[in-house]
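Visitor: I have a model open and want to learn how to read its features. Please take me through them one at a time.

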Amino acid sequence: MAAPATLPSKFPTPTPIPPSAYRPLKAYAFDPSQGKYFGNYMTLNVKYEPLTPGPIGAQIAVIDYDASNDCYYEPVNLDEDVILIRNGLDPSESHPRFHQQMVYAVVKETIERFEFALGRPIRWSADQGSKDAPYRGKLRIFPHCMQEANAYYDHELHAILFGYFAAPADDEFNLPGQTIFTCLSHDIVAHETTHAIIDTIRPYYMQPTSIDTPAFHEAFADLVALLQHFSMPDVMREV
């Protein structure tokens with residue numbers, strides 16, 4: 001009988017494996033009212049970067065503070081092993097950490113499309129606050145900022161604020177009284193991110209020197225949100 005093979009006494013130096021170029025993250029292609037129809041569940045491949053819980057990266061800081069209830073929600077850690085292996089958390093209307101994941105993914109996707117078109121990174125305009133202020137130099141995202149039917153970009157805070165509200169009785173797509181989160185609408189997130197990007201490229205366009213200036217801001221943000229759907233293969237196949 002042949003002698004059993006023996007393991008080498010010393011293994012060769014392991015070859016380092018480079019990190020992934022992209023981070024796949026699940027999101028809604030439209031919003032929760034579409035359910036799983038029309039390819040509404042999708043995966044966005046955004047450029048990989050190390051993240052701290054929030055998520056907080058080089059350009060974006062998701063801060064889940066609810067001003068209406070004066071509370072913070074537990075931040076998602078997208079570098080956690082059980083989340084990484086699943087390509088992020090599954091879409092959920094009621095899970096605040098999925099909401100944080102979705103706004104990060106869509107905001108970052110929108111930024112990357114502008115960077116590709118411009119041929120350079122987006123550099124946020126200088127913050128107006130203290131140099132010691134937290135999240136300085138990052139676009140701040142508040143997924144559950146206020147209890148109202150609104151979402152907007154705030155130039156002074158250098159932040160995007162998303163609201164949530166109860167569906168009215170005559171809503172055709174949602175149950176009366178159901179909580180609607182504006183941060184779960186792909187179009188709204190892309191729209192408000194475009195406002196932030198235009199503001200950093202052309203800061204004085206935020207000043208309403210004529211009716212055409214805010215009209216340009218709104219029209220351009222709408223077009224970006226609309227055209228991003230052409231990059232979603234599953235949605236295009238369904239249509």
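Guide: Start with exposure: buried means under 20% relative accessible area, exposed over 50%, and partly exposed in between (1.4 Å probe, protein chains only). N87 is partly exposed, because its relative accessible area is 31%.

Visitor: What are the ground rules for the numbers?

Guide: This is a predicted model, where local features need pLDDT of at least 70, side-chain atom pairs count only at pLDDT 80 or more, and totals for chains, interfaces and linings use all residues. Residues are numbered from 1 along each chain as its sequence is written, and side-chain values use heavy atoms, with hydrogens and water left out.

Visitor: Where is a cis peptide bond?

Guide: Between G54 and P55, with omega about 0°. P55 belongs to the loop between β2 (41-47) and β3 (60-62).

Visitor: How many salt bridges are there?

Guide: The rule comes before the count: a side-chain nitrogen of Lys or Arg within 4 Å of a carboxyl oxygen of Asp or Glu. By this rule there are seven salt bridges. One of them pairs D79 with R23, the closest N and O atoms being 2.8 Å apart. D79 lies in the loop between β5 and α1 and R23 in strand β1 (residues 22-28), so the pair ties together parts 56 residues apart in sequence. D79 is partly exposed at 23% relative accessible area, while R23 is buried at 2%.

Visitor: Which residue forms a salt bridge with D90?

Guide: K26, with the closest N and O atoms 2.4 Å apart. D90 is in the loop between α1 and α2 and K26 in strand β1, so this pair links parts 64 residues apart in sequence. D90 counts as partly exposed at 38% relative accessibility, and K26 as buried at 17%.

Visitor: Which salt bridge does K108 form?

Guide: One with E112, the closest N and O atoms being 3.5 Å apart. E112 and K108 are about one helical turn apart, because four residues separate them in helix α2. Both are buried. Salt bridges that share partners also join K26, R86 and D90 into one network.

Visitor: How do I read a helix pair?

Guide: Two packed helices are described by the angle between their axes and the distance between the axes. Axes are lines fitted to C-alpha atoms, for helices over the stretch in contact, and angles run from 0 to 180 degrees between N-to-C directions. The axes of α2 (residues 96-118) and α3 (residues 186-201) come within 9 Å and cross at roughly 45°. Angles under 35 degrees count as roughly parallel, over 145 as roughly antiparallel, 65 to 115 as roughly perpendicular, and the rest as oblique. So α2 and α3 are oblique to each other.

How values were computed:
Helix = DSSP H or I, 4+ residues; strand = E, 2+ residues; numbered from the N terminus.
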